[in-house]
Structures are given as C-alpha cells and as structure tokens.
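Hello,

Here is the structure I promised to pass on. Please look it over before you read my notes below.

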Amino acid sequence: LAAERRFVVEGGRESSVSTDGSSLLALGPGAFCPLVGELEEGQVECVTVAGGQETVAVGVFPADGPLPSGLGKVGVHALQLSGRLLADGAVTEVSPAHGRRVTDVVEDVTLSCEVTASSNSDRCRRALHGVEHYWESRGDTPSPTNPHWLQVALPMGLELRRLVVFCRKFDSYSPKTVRVRVGASADSQAMVTVAEADLDDREYRVTAVDEAQLNDLDDSPRFLRFEVIENRGINCKIAGLQIFAGQSGFRGTCTVTATCDLSGACPRLSFDTGKGSRCSLSLPPEIKRWRFFAAAEASGATARLLRRPNTSLTQRLLSAVSVLRVFAEAGSKLSPDDLPGAFAYNLFAEWWVQPGGGADDEREASRPKPWLKAEAGELCSFGAGVGGCNGMFRPVEYDDHGHVVLYMNDAGAVMFRVEEGWRMNSEFNVSEFDYSAGVDATGAWTPQTPAKGPAPTVCGPAGPPAKESATRAEEKPPEDPWGALVSRLATSAAVAAERPRRLHVDGADGISVRASAASPCGYAVAVTSDEAGLCTVGTLTSAEEALELPVTSCYVQGLAPRPAVWSLEERSGSCATAQWDAESNPGKQHLSLDASGSVVTYKKGAPDFCSVVGRAPVKSGVHLFEFVAHKIGDELWVGVTDDPQVQGPRINLRAHRSAYTYYCGRRRSTSGNLKDGQASLQGGGKFEQKFEQITNGDVVGLLVNADRHRGIFFKNRVVQGECVLPAKPLWIVVQLDHSDDRVEVRKQPVPPDLEDLAGASVDAGAARCAEGALHPELLVSPGRDAEALSERFSVQGLFRPLAVPSLSPNLRAHASPGVRVVERPQASGDEGSRLEIGVDLAGSSPALPLSGPWLWGGLGRLEGGNPPASSSASSSQAASAEEDAPLASGDTVHAVAITNDKGKLVAVILLRGGAVAACWDLGDKGPAAEPTALRLSVRLQGSSGVRLRLQALEVRDEGGGG
C-alpha cells in the first residue's frame with residue numbers, strides 16, 4: 001500500500017514532492033497538489049492528510065476543470081487545520097483540527113539518554129537519577145559565553161517534547177539563570193536557544209521547555225544542552241532533570257480524514273479531525289467527477305498522505321455497516337430490511353435531516369472545544385456566568401495523600417475542596433464562592449445565586465461526558481442489525497465434490513469470498529469464474545483468507561488435494577534433528593551442551609573454529625529451524641550440510657561444497673567480500689547473495705523443503721534469500737569461531753504461509769499471500785563480488801494464467817505481478833549504475849541452454865542465458881528490445897512466459913508500463929519449465945541501492961487479441 005501513497009507531481013503548483021511521493025513541501029504561499037485518482041458518481045473514498053502548520057488543507061475540486069489558483073476559488077471544497085471550512089469561496093469557522101495527532105506518544109526517556117558535561121563527566125549522569133542525586137560542576141564562575149553545561153542525547157528515532165526540572169534548595173550552588181539549546185546534532189554551534197529562565201532557590205518543579213517552544217524548529221531536536229549562564233556562587237548543582245520525547249517527524253503534526261461520498265442523491269464531503277470534531281459540506285450534484293488535493297498557504301509547510309482510499313468493495317461494505325449501526329443506535333424506525341441490494345447510501349441523507357441526526361452532530365461539532373488545550377491533571381471550566389471562573393485550572397496544592405485540593409487559573413480564580421465537596425470563586429478567596437459541586441469536580445455545578453448563572457461545565461482533557469440520546473417511543477431499534485445486513489448482502493454454498501456451486505449477490509458490483517472453516521489438511525478449495533473450472537481466480541485454504549473479486553458471481557469447486565508435502569506435521573521427523581551431536585564430535589572437549597542438547601557453547605582456549613552437526617538428518621518433509629545467536633565473538637555459520645564428516649575443528653565451512661549456510665559476517669570489520677567479511681549465503685561452494693549482518697540476539701531462520709530440495713533463510717522472520725539443496729539427507733550445522741560463542745537451535749511448527757513460501761503449494765494466491773506477509777519489498781544493494789550476478793526477487797508460484805485468445809491452442813501464457821521501482825537514487829559519480837529486472841528459472845543450472853536469467857534494463861541491452869551454437873537455433877531465439885531510457889523510480893515491469901504442451905518454455909516477454917520492452921523467442925530449444933517455477937530477478941551494478949516492491953497484476957482486454 002505504501003507504494004500507492006502518492007501525490008501527482010505533474011500539475012502541482014509551488015510544491016515539491018518527496019522521493020516516495022507521499023509528502024509535499026510548500027515552496028510558496030499557493031502550494032496546491034492534486035492526488036492520484038478521480039472520484040466518480042457512486043464512489044465513497046477517504047484519505048488522511050497530516051500537517052504541522054495551520055494553513056495545510058485537504059479537500060476536493062472538480063476533476064474535469066483546471067487546477068484551481070487558490071483555496072478560495074469556485075469549485076474548491078476543503079478544510080484547513082486552522083478550522084477554516086471553504087466551499088465555493090465561502091468561509092465558515094469550525095473547530096481547529098487539533099484533536100488527533102499522528103502517533104504522537106510522549107514518554108519519559110530520561111534513563112535511556114546519554115549525557116556529557118562541561119566538567120565532572122564521570123558523575124554527570126547523576127542529574128538524571130531523580131532529586132536524591134545531583135551533578136556538581138567544576139570551573140570558573142559561569143557566564144553566557146562560558147556556561148556550565150550538561151548535554152543530553154536522546155535515543156535514535158526520538159526527539160525532545162518536554163524538559164522538566166525538579167529544583168532543590170542548594171543555597172549558593174543553586175543555578176540562578178539557565179538556558180536550554182537544542183539541535184539535530186551534537187555540535188553546540190549548530191544548536192538554537194529555545195528557552196532561558198530564572199530559577200528560584202527552593203524546592204519546586206518547573207517545565208523549562210514544552211512543545212510550543214519546539215514547534216517552529218526546522219530540524220528534529222534529538223540533542224539538548226542545559227546551560228547555567230548565571231549562578232549564585234561559583235559552581236552549581238543540577239538534579240532531577242526529566243526528559244520527555246516523542247517519535248521523530250511527528251512534532252506538532254495533526255491529521256484530517258476527508259471522506260467524499262458520491263453514492264447518494266446528495267453528495268457530501270465530510271471531515272473528521274478526532275475527539276468528536278466533525279463537519280461536512282454538500283457538493284454540487286451537477287458535478288459528477290471530483291479529485292482529492294492537499295494544499296498549504298505558507299511557504300515551508302509540509303503535508304503527508306497517511307492513508308489511501310480503500311478498495312471500492314471494502315469501502316462500500318464498511319459504509320453500509322456504519323450506516324446500519326447509526327440507525328440502530330439512534331433507534332430509527334428504518335430497519336435493515338430497507339437496505340436495497342446496492343447498499344443505498346442515500347439512506348445517509350435521509351438520516352442526516354432527522355431530529356438528532358447528522359445535522360445536529362454537525363452543529364455540535366462546530367461549537368468551541370476549549371478542553372482540547374488541557375493537559376493531563378488540568379481541568380477546563382467553560383460556560384460560567386461569572387467570566388473569571390472560565391479557563392484552564394491547574395493543580396496548585398495537594399493533601400498528604402497526593403490528592404489535589406486547590407486549582408487556580410490564569411485569572412486568579414480558584415477551585416478548592418471543602419468537606420461538602422468543591423467550590424469555585426472568581427477571586428483568590430476560599431471563604432466565599434460563586435459555584436458549588438459535589439465530591440466530583442467534573443460533575444454538576446450550581447450557582448450560589450441565580451444572578452451568577454449559568455453554572456460552568458468542568459471537565460478534563462477528554463471533554464465532558466457525551467449526552468445520551470433517548471430512543472423515541474414510536475421507534476424501535478432492530479434487534480440484530482448486523483445479522484440482518486449479512487442475510488441481505490451475503491449468500492453461502494456448501495463445498496461438494498460432485499458439482500460446482502454458484503455464489504451470487506444481487507446488486508453487487510464485486511463480491512468477497514471466504515471459507516467458513518479451514519479446509520482439511522492436504523486439501524484446498526478452488527474458486528473459478530466458470531462452471532467448468534477452467535479459469536481459477538483463487539484458492540481458499542483457511543478461514544482467515546478472503547478473495548475480493550470484481551464480479552457478480554463465481555463458482556466454488558470441490559476439495560482439491562494438495563501435494564502430499566502438506567501433511568507435514570506427521571513428516572517433520574523426530575526432535576533429534578534439532579539437537580546438537582557433541583558426543584561423536586572430534587572436538588567435543590571444546591564444546592558445552594545444555595541439558596536439552598539444543599544450546600552449544602564454545603569453551604575458552606579452543607581451536608580457531610569447530611563445526612557441530614545435528615544428531616539426526618532431515619530426509620523428507622518441510623521443516624523450520626531457528627538458530628538463536630545468543631553470543632557471537634567474530635564469525636558464525638549456521639545452516640545444513642549433506643556430509644556429517646565436516647564436524648570438528650579440521651574442516652572449515654567457509655564456502656564449503658557440502659555446506660549450505662548463512663554466513664553471519666565479521667564483527668571486527670565491515671570490509672571484505674561475500675566470502676570473508678560480509679554476511680552472505682554460502683552454498684555448495686559458492687557465495688552469491690548478500691545477506692544482512694547477524695549480531696547478538698538475532699534469530700536466523702531456515703525453512704527446508706526436503707521433498708523439493710529448497711532452503712530459504714531468514715533474519716528475524718524477514719526473507720534474506722534461498723538456495724537449491726542436494727537430494728540427500730541433511731544435518732543442521734553450526735561453525736563456532738570464537739570463545740564463548742553460544743548458539744541455540746529450535747524446531748518450530750511450519751505455519752501455512754511458510755508452507756506456501758517453501759513451495760509446498762503451487763497455488764498462486766497462496767504464494768502471493770506468503771510473499772506479502774514475509775517479504776513485501778526488497779532493498780537491493782549493488783553486487784560486491786564477481787559471482788553476485790543476480791538476486792531472485794520473489795518466491796515461486798506468482799505467475800498466473802493469462803487468457804490470450806489469439807495464442808495457438810498448444811501454447812499457454814502466464815503473467816507475473818509487477819516489480820515497481822519505488823526508489824532509485826543516483827549517486828554522484830555513479831554514471832555506470834545499471835538496474836536490470838527480469839525472470840529466472842528456479843533450480844536450473846547455469847550450464848543448461850537458455851536457462852536464464854532473462855534480464856532487461858533499457859538501452860536495448862538484453863541477457864538471456866546461453867544460446868546454442870546452431871545458427872538456425874540462434875535465428876529462432878533472437879532477442880529484441882526497444883531502445884529506451886534506463887529503469888527509474890516509478891517504472892513497473894511485468895513478465896509474461898509462454899510454454900507449450902510439452903512443458904517447455906518457448907518465449908519470455910517483459911513489459912514496461914504495459915508496453916512490450918523486450919522479448920526472447922526460444923523456439924523449441926527452451927528449457928523444460930513449469931510456469932510456477934519461474935521467479936522475478938534483479939541485478940544491480942554501481943554504488944547506489946534501489947528499493948523494489950511487488951504489486952498486483954492488472955490485466956485488461958484491449959481487443960484484437962494481439
């Protein structure tokens with residue numbers, strides 16, 4: 001989904017769009033940037049935009065018209081974060097969008113920070129350990145040019161939100177004037193001053209820096225410098241520093257969700273800013289097509305697109321459910337039976353005008369909400385007849401049990417507790433009062449005299465309690481609205497082997513198909529678009545899966561058996577496969593095993609290395625092993641071997657022909673190559689793929705399909721790469737390299753998604769599900785080794801059948817998902833950088849004719865295996881390509897494979913942006929290849945990395961059968 005979070009760069013005005021297309025920077029006061037996609041009649045779509053400046057706006061404009069020159073123009077409907085609601089040039093003031101912030105969780109990180117000091121550095125951390133400890137400076141009398149200071153570095157990824165100081169009475173050691181400076185780096189010259197304050201020589205708590213003082217900073221304040229620029233004596237004592245931080249990049253950022261509903265007779269644009277703040281606008285019904293936009297009226301303002309629209313089918317169902325629930329909660333006489341088959345969003349318009357309906361909600365949302373500015377522990381009073389009793393009341397005095405007994409606002413009014421309850425007075429005088437309440441300060445208040453009415457409403461940051469709407473006597477809510485909706489919009493069919501069953505929902509333009517229970521082990525349910533079962537659109541294997549299909553009906557076929565490998569629980573082997581064999585190891589005197597036999601430790605004084613294998617081999621089935629690297633001194637190898645004689649201190653596993661391992665890299669150096677130094681896959685004597693480095697605590701996963709001779713390596717559940725395993729019994733193996741190395745092996749059950757990933761199923765839908773769950777994108781680094789030619793991007797089974805009417809009856813076409821170039825930075829001096837994308841035949845040998853990979857990267861350059869020497873064969877296998885620009889960010893490449901009825905690959909076609917970019921005509925000399933065995937590959941040359949992502953295949957019939 002992140003790949004689709006994009007603004008449209010073309011047509012944007014006075015704005016700069018980020019590399020990933022998800023955010024914009026206003027370059028002038030009229031920044032205006034439309035979003036991808038147009039909204040048509042019948043659609044309901046929503047987007048969420050975040051901004052840290054009040055002029056940021058989100059809304060819609062007519063898609064058929066020109067780009068508006070400003071927010072106040074005719075046709076523009078939008079909401080600014082400041083609370084300005086704009087419609088065709090008219091402006092209405094509503095509540096500011098301050099209710100919902102972007103994952104802005106503020107937490108105390110004091111003890112997680114690093115601190116340095118101007119002197120006494122070995123004791124400076126005492127200033128962070130509460131009021132019982134302190135740091136004392138040493139040196140000359142401080143001054144603004146020569147202060148005594150403490151510098152604090154917050155953890156990575158966090159930035160300062162608030163700095164609190166618990167002052168103590170240190171007499172002549174108490175600081176008199178302090179200054180706080182912050183910055184994005186530890187360089188004090190680059191820091192800016194955000195606060196300067198005088199401190200009293202007494203015990204109290206003061207907030208030296210708050211969010212309001214940080215909102216205008218250009219950079220993330222990860223470093224802060226607490227400086228004493230004037231002291232009561234020479235040296236100073238600092239205690240009780242408390243640092244609150246939030247996630248970087250979210251400081252002062254608020255969000256607005258805009259929903260454009262074009263499905264009913266009354267089109268509307270509604271906004272949700274959180275904490276109950278909602279408002280909406282009516283859209284002109286004569287305009288049928290709209291487009292979302294984000295804008296800003298201040299140079300330097302930023303906006304980010306956080307959520308793209310849902311799929312049409314999902315959004316329609318969610319909207320129908322929400323409408324139904326509104327009716328049920330409001331007690332409407334309209335029942336779920338009144339919902340027509342097409343979900344009828346015009347019911348929303350009917351509900352809106354009802355007493356107590358949406359119009360009342362809109363009026364309520366437009367009222368001021370002063371409690372939104374309250375912080376934790378504060379009380380907000382509003383609506384009082386005595387004006388001085390309104391405002392924010394902050395705690396001033398506590399009793400012996402820590403309960404607040406006195407609050408005060410900025411005007412000097414007090415709220416105090418007495419034996420009977422609470423009292424409020426507009427002056428600092430506890431002998432008189434204007435209003436009284438019971439034991440709960442946020443309960444009902446009563447004026448002392450009628451002349452002082454009305455009484456105030458008092459609440460905390462969450463606001464006053466919601467008023468319950470009474471159900472009208474003549475209306476009765478439906479007893480089971482959800483069940484009624486399901487019965488109206490859903491149908492079911494029993495799975496039977498003798499004949500297919502048809503699923504159909506009246507009035508729907510799309511259906512969602514799911515199984516009510518998981519299929520038996522070893523079986524799956526095929527879903528087809530035709531009754532004969534020739535065109536499969538997906539397969540269901542569990543109750544958690546769902547197929548969203550843009551059709552009105554489909555056919556459910558009977559249970560189809562999966563390959564026997566799916567019955568893997570009874571084929572997983574004994575627990576001995578996940579236990580280390582130290583007894584028969586030639587270097588057993590250097591090894592230490594725990595009682596379970598799963599944790600091995602390398603003793604001190606041992607040889608340079610020692611390999612340890614498992615007690616029993618893996619011979620068949622699908623297995624998942626996890627190697628926990630509790631401690632790594634320098635290097636480490638974990639994986640499998642087909643030769644148990646490698647155990648001991650004599651045979652090194654580095655690129656060994658009988659070992660297939662995850663080489664974890666060196667701890668003491670980041671240089672070197674894939675064979676020695678950099679983490680890599682070392683299998684069968686080769687070192688072809690670069691992996692991520694392994695450190696203490698990381699978990700290396702190994703998924704072994706012994707029936708299909710395939711191994712897949714993970715780091716902390718993220719796919720790193722795979723290799724072809726020999727058709728032999730396999731033992732787990734680890735090579736320890738440093739004293740105190742400690743590795744634990746675990747045998748884990750294999751979940752269904754990993755079964756699919758290991759090739760236990762050839763179902764395309766299941767493989768796509770596994771790919772998306774474990775490895776949705778790939779960050780490709782340039783090859784550092786001569787043998788690192790290409791990297792396989794995806795798992796097997798992603799190629800789907802493709803209907804081509806003009807294709808010869810003995811040929812079949814299969815198409816892959818798209819490989820989207822999400823980000824490809826061009827490093828300076830890297831003119832030779834080259835990206836190539838194509839197809840690889842999994843498990844094939846490079847020595848076979850035309851075995852792949854088939855790669856293309858623009859500029860007419862092609863690579864396609866090893867063509868035969870025969871001239872006649874060469875002519876039939878000629879590769880062609882258009883002269884084109886190199887692949888760049890935003891490009892999408894699809895692959896189409898053509899096979900014949902003999903199971904041979906006869907052609908490979910690559911498409912860029914939907915147009916043919918390259919093709920290989922292999923004729924009758926192509927290799928034997930199942931389409932499910934094809935995988936997408938990538939090769940990168942140069943010094944810059946590239947980020948790729950798989951995206952769903954979209955096929956449309958252009959006619960002509962070409």
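Two strands count as paired if DSSP finds at least two bridges between them. Keep in mind that this is a predicted model.

**The sheet.** Strand 42 (residues 622-631) and strand 51 (residues 742-748) meet that rule, with seven bridges in the antiparallel sense. Which residue is the bridge partner of Glu-626 in strand 51? The partner is Arg-746. Both strands belong to an open sheet of seven strands, in the order 39-40-51-42-47-48-49. The pairing there is antiparallel. Strand 39 (591-593) and strand 49 (718-724) stand at the edges. Each has a single partner strand, so one side of each lacks a neighbour in the sheet. From one strand to the next, the twist averages 20 degrees.

**The cores.** The largest nonpolar core holds 36 residues. Phe-627, Leu-636, Tyr-662 and Val-734 touch the most other members. Several strands each supply at least two residues of this core, among them strand 40 (599-602), strand 42, strand 47 (699-705) and strand 51. Strand 43 (636-641) and strand 50 (731-736) are also on that list. A second, separate core has 35 residues, including Val-109, Trp-135, Cys-167 and Val-180.

**The cysteines.** How many disulfides are there, taking a pair of cysteine sulfur atoms within 2.5 Å as the rule? The count is zero. Are Cys-113 and Cys-610 buried or exposed? Cys-113 is buried, at 0% relative accessible area. Cys-610 also counts as buried, at 0% relative accessibility.

Best wishes

Conventions
Residues are numbered from 1 along each chain as its sequence is written. This is a predicted model: local features need pLDDT of at least 70, side-chain atom pairs count only at pLDDT 80 or more; totals for chains, interfaces and linings use all residues. Side-chain values use heavy atoms; hydrogens and water are left out. Helices (H or I, at least four residues) and strands (E, at least two) are DSSP runs, numbered from the N terminus. Axes are lines fitted to C-alpha atoms, for helices over the stretch in contact, and angles run from 0 to 180 degrees between N-to-C directions. A disulfide is a pair of cysteine sulfur atoms within 2.5 Å. Buried means under 20% relative accessible area, exposed over 50%, partly exposed in between (1.4 Å probe, protein chains only). A nonpolar core is a set of buried Ala, Val, Leu, Ile, Met, Phe, Trp, Tyr and Cys residues joined through side-chain atoms within 4.5 Å.
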